[in-house]
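Trainee: Please take me through a single part of this model in some detail. I would like to look at a pocket.

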Amino acid sequence: MSARDASLRALVPDGFSRGGLPADVELLAWDAAADGVEFAVPTSGETAERLPELPDLRVVQVLSAGVDWVERHVPDGVTFCNAGDTRSPAVAQWVVAAILADLIGFQRAEAARLARTWEHWQPRELAGRRVVIVGYGSIGRAVEQRLAPFGVRVGRVARSARPGVEPVERLAQAVEGADAVVVLAPLSEATRGLVGEDVIAHMRPGALLVSAGRGPVVETGALVAAVRAGHIRAALDVTDPEPLPEDHVLWTLDGVFITPHNAGDTPEAEAAAHALARAQMLRYRAGFPLHHVVSGSARPSR
């Protein structure tokens, strides 16, 4: 391989750090010329739409675990990789915090503070509660690891059955009796609306629905109806639609906690995802197999 062959041109987002990459790895902004670009790091729908315009593209590396927003834009024959578990600790932290906040009553405390009311209530403990994780991948495992010290009983649901994990076909039965149902499943045609009226109806009265994967996995109409009826409460980092319009009913419902799809966007998670992308560039440049391949060859040819 010649020195010229060993060089690499990559499209990266604003603020992407070189982090010790060698000088012959050329980092370009997304408005740069497309010729010679072999590696791309899209971070928005607009940049994803540019992927088919890159004639020399060999690798697409995203900085997120979810890939539904970009997958359809990846050209045939191009290796597509996600960010693996780089954001799992951050999302898992958010999930555990949401469950604890609900049990302790932090929303109730904030309402009382705004009303300047000294109101006493009994917080509840996490020990002994049953939490069902829907979408038992790297984030689900990270959630379980952080729940374990509290003495939580964990149920697991994934696309297919394996020891200790229920298949998605048994989701309605799996959520029965759970104190909290954590939805982390990725978005696909198979999972769109997966948590709908039937599944929510099987949740026990007073349970908490935690959604931190992709908004459309939970059917919004069924969620709104169940919260309005007082059947469940909800902690949402993702919604459908998203961003949530200012006049949407979810903003006004008691028993709903919402954050703007930022659970996995901690500085630490961002740094880990960027470090992975840089490592992938070096692996590709050296001809080594890539990690976290969603589709395509793990060892794309140059």
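Mentor: What follows describes the second largest pocket and its lining. The model is predicted, so to speak of local features requires pLDDT of at least 70 and side-chain atom pairs count only at pLDDT 80 or more, while totals for chains, interfaces and linings use all residues. Residues are numbered from 1 along each chain as its sequence is written, and side-chain values use heavy atoms, without hydrogens and water.

A pocket here is an open set of points on a 1 Å grid over the protein atoms alone, where a 1.4 Å probe fits, with protein on both sides within 12 Å along at least five of seven lines. The second largest pocket has a volume of about 360 Å³, a volume being the space filled by probe spheres set on the points, which are joined across faces, edges and corners.

Its lining consists of 18 residues, each with an atom within 4 Å of a point. Asp102, Gly105, Arg108, Arg124 and Arg233 lie nearest the centre of the pocket. By class, the lining holds ten nonpolar, four polar and four charged residues; Ala, Val, Leu, Ile, Met, Phe, Trp, Tyr, Cys and Pro count as nonpolar, Asp, Glu, Lys and Arg as charged, and the others, Gly among them, as polar.

At least two lining residues come from each of α3 (88–104), α4 (106–115) and β11 (232–236). Helix α3 gives the largest share, five residues.

How values were computed. Helices (H or I, at least four residues) and strands (E, at least two) are DSSP runs, numbered from the N terminus.
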